Structure formats: structure tokens, C-alpha cells
Amino acid sequence: ERSDVFEFEGTHQIKKTTVGLGARYETTDLNNALKTSLWQGGAEPKITDRQSTEYDLFSANAFTETWIRKNIFFSSGFSYSDLDSTFSGNRIYGTDYDVAFSVNAFNGLGYTNLIGFSDQQEYVLNLNLLTIPLRSLTVIPSVRVQRTDWDSGSTAGQTTPGALISSSNEGDRLDLRERLDLRYTGVTNWSY
């Protein structure tokens, strides 16, 4: 496994507004193998299950915080992330580990030449307004919008001769959430 991560974060004050920015880039390469043995009535086949994954993840975010008046506070936040990955692998039965695939009816079900990809982008926006119309009353309306787009696919050959496995998936999702929080603290030792 090898991972490299680069991050940047910063904030700046512009009059009554605090502005923050951040970014992160991560790249990872995984190369794993699971090697197992089976006992099948005198024969002991060896199984090599090899998997390799590479991905790049980029994310960026920004936020603002502003006291518009002494009883009105506005905050906003936005984030974006992009995840791109590729993967490959095989599961091969043989007389030893890490051998080339050969057809044998007594071997279990495996796969060869697995190749696939996955891409996902996500966008999130938060808007919040804190108001204090009375000393003991707080009102906070907020909105959160999230959009996700994805696309993925894979192909592999089964160790059963002539069998091919493939898959694909793509889609998007939009999620909108509104919220209104009210808090009243005008009664001693009670909060509503």
C-alpha cells in the first residue's frame, strides 16, 4: 500500500466576515494477494486471489461566517469532492501460488482479468441564518443541498471456459433538506 496526501487550509477575515478555504488531494495504490489452500480428498489446490486498486481523491471546501448585526449571524459552506478509481484482479486455482491460469474441471469457480473503474463527484451546499429576535428566543432556518453523480463498470472472465462477467452503473442524486430550529429559554431551568 502506498498513499500520498497533500492538504491546504486557510482562513481570512474580511471586515465582519470570516472566509475559509481548504483543499486535499490523495492518491493511493493498493496491491494485495490472499493465498489459501484447500484440502479436497488428497488434492490440495492453491488459490491466489490478487487485487489491485488505485484511486485519486480531490476535495475542496469553503465557508463564510458573518455577524450581520449583533443578533443576526449568517454562515455558509460548500464542498466538492471527486473520486476516481480503477481496480483489477484475478482468483486462480493451481498446484502452487501465483501460477498462470489453466482450465481444470476440478478447480473451484474463479475469475481472471478483472478490470473496472468507478468515478464519483459530490457537491454539498449549506446555508444557515441564526436570528435572535428576543433575548430568550433563537430562530435558525437552514438549507442543505447535495448532488452526487457516479459512473462505474467492470468486466472479468470466469474460469469456466467462455463465461464473461460484466457490470455497469451510472446515476445521479439530488437531495434538498430544509430545517427550522426554534429555541425558547425564557423559563428558568427550562429550554424549549
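**Stop one: charged pairs**

Start by selecting R147 and D149: the two form a salt bridge, with their closest N and O atoms 3.0 Å apart. A salt bridge here is a side-chain nitrogen of Lys or Arg within 4 Å of a carboxyl oxygen of Asp or Glu. Before going further, note that this is a predicted model, where local features need pLDDT of at least 70 and side-chain atom pairs count only at pLDDT 80 or more, while totals for chains, interfaces and linings use all residues. Residues are numbered from 1 along each chain as its sequence is written, and side-chain values use heavy atoms, with hydrogens and water left out.

Is D149 buried or exposed? D149 counts as buried because its relative accessibility is 17%, and R147 is partly exposed at 34%. The cut-offs are under 20% relative accessible area for buried, over 50% for exposed and partly exposed in between, with a 1.4 Å probe and protein chains only.

Next, pick R179 and D181, whose side chains meet in a salt bridge of 2.9 Å, N to O. R179 is exposed at 55%, whereas D181 is partly exposed at 28%.

Now select E7 and R24, joined by a salt bridge of 3.4 Å, N to O. This pair links distant parts of the chain, with E7 in strand 1 (residues 2–14) and R24 in strand 2, 17 residues apart. Strands (E, at least two residues) are DSSP runs, numbered from the N terminus; helices are H or I runs of at least four residues. E7 is exposed at 56% relative accessibility, and R24 is partly exposed at 28%. The structure holds seven salt bridges.

The side chains of T17 and T66 are joined by a polar contact of 2.8 Å. For a polar contact, a pair of N or O atoms lies within 3.5 Å; within protein, one must be able to donate a hydrogen and the other to accept it, and residues adjacent in sequence count only if both atoms are side-chain atoms.

Then move to N90 in strand 4, which is partly exposed at 22%. Show the C-alpha atoms of N90 and T112: they are separated by 4.4 Å, although the residues are 22 apart along the chain. Leaving aside neighbours within four places in sequence, the contacts of N90 (heavy atoms within 4.5 Å) include T48, D49 and Y111.

**Stop three: rings**

How many aromatic pairs are there? The count is five. Rings of Phe, Tyr and Trp (its six-membered ring) pair if their centres lie within 6.5 Å; planes under 30 degrees apart count as stacked, over 60 as edge-to-face and the rest as tilted. Select F58 and Y80: their ring centres are 6.5 Å apart and their planes at 55°, so the pair is tilted. F58 sits in strand 3 (residues 46–69) and Y80 in strand 4 (residues 72–94), 22 residues apart. Both are partly exposed, F58 at 36% and Y80 at 21%.

Jump to W190 and Y192, a stacked pair with centres 6.1 Å apart and planes at 10°. Both W190 and Y192 are exposed.
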